[in-house]
Amino acid sequence: MVLPQPRHWLLLGALLCAAVVVLGLSVGLLPGETAAELGVDQGLSLHHTAALTAVAMTINLLFGPVAGMVMIILIALGIWLARRDLARAAAFALLACSGWVASEVFKLILARQRPDPALLFDPLSPETGSNSFPSGHTCFAVALAYALYFLARGTPWAKAVAAAGAVMAVIVAWSRLYVGVHYPTDVAASFLAASAAVVLLAGLWNRFAPRLARRLPASFHHQADPPGPDHA
């Protein structure tokens, strides 16, 4: 499976990573930035409704590490069993997981404290610690959207999958603010962080995966993709 790859993927990936770091450092340097962002969380916390809370807490569960990993494994197994294409299943799983990996790396680098639940009017999932920037849930949703689109590209459903994935990522980002466990810049940076991970992984996959694939038995392969990556 050949993944869509920008022509200068390494440079683009590095620039996206740099943008995440700069954004993360700037929120700690700008006076009043955290207080202003906390106001957004407080405003949402003040207007919780039963229906929106149910949606946000369901997203909190489904896009968390445990349920998210189960989702990835089930989809990857379905791809392999249905198409007998190990490369496609592996590419999907790696792309979907790359969002979580990126979020953990940037959290270690930037170590931003989460919003204080004691300052919220209705804290739904009190979490503390230096793991706020970026949002792991949002990074996973963005990477999953990319992975699903890459599976659908070349089919009549590609545009619909892309649109649905974008909407899904935005809704997950909203839910993290609604629950009150992230700041707006946390979720904004998640789109950059996950995109960086996907761009870099796609470039590495196209460079090294064909060599590994040639060493696998033919029974693991279903059909070849059109030659050459898509260039931006």
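Ala111 sits in the loop between helix 5 and helix 6. Helices here are DSSP runs of H or I, at least four residues long, numbered from the N terminus. Ala111 has a positive phi of about 50°, although it is not a glycine. It is also partly exposed, with a relative accessible area of 38%; that label covers values between buried (under 20% relative accessible area) and exposed (over 50%), using a 1.4 Å probe and protein chains only.

Keep in mind that this is a predicted model, where local features need pLDDT of at least 70, side-chain atom pairs count only at pLDDT 80 or more, and totals for chains, interfaces and linings use all residues. Residues are numbered from 1 along each chain as its sequence is written, and side-chain values use heavy atoms, with hydrogens and water left out.

Now step back to the loop between helix 4 (65-83) and helix 5, where you'll find Arg84. Arg84 is not a glycine either, yet its phi is positive, about 55°. Its relative accessible area is 45%, so it counts as partly exposed.

Arg84 follows helix 4, so let's look at that helix. Which residues of helix 4 are buried? They are Gly68, Ile72, Ala76 and Ile79. These cover an arc of only 60° around the axis, which puts them on the same side of helix 4; the arc is taken from the directions from the helix axis to the C-beta atoms. Val66, Leu74, Leu81 and Ala82, on the other side, are exposed. The buried residues pack against helix 3 (50-62), helix 5 and helix 6, with contact meaning heavy atoms within 4.5 Å.

Over in helix 2 (residues 33-46) there's Ser45. With a relative accessible area of 4%, Ser45 is buried. Leaving aside residues up to four places away in sequence, it touches Leu120, Phe121, Asp122 and Pro123. A polar atom of the Ser45 side chain lies 2.6 Å from the backbone nitrogen of Asp122.

Last stop: Pro4, in the segment before helix 1 (9-29). Pro4 is buried, at 17% relative accessible area. Its C-alpha atom is separated by 8.5 Å from that of Gly203, 199 residues apart along the chain.

Note on methods:
Helices (H or I, at least four residues) and strands (E, at least two) are DSSP runs, numbered from the N terminus. A polar contact is a pair of N or O atoms within 3.5 Å; within protein, one must be able to donate a hydrogen and the other to accept it, and residues adjacent in sequence count only if both atoms are side-chain atoms.
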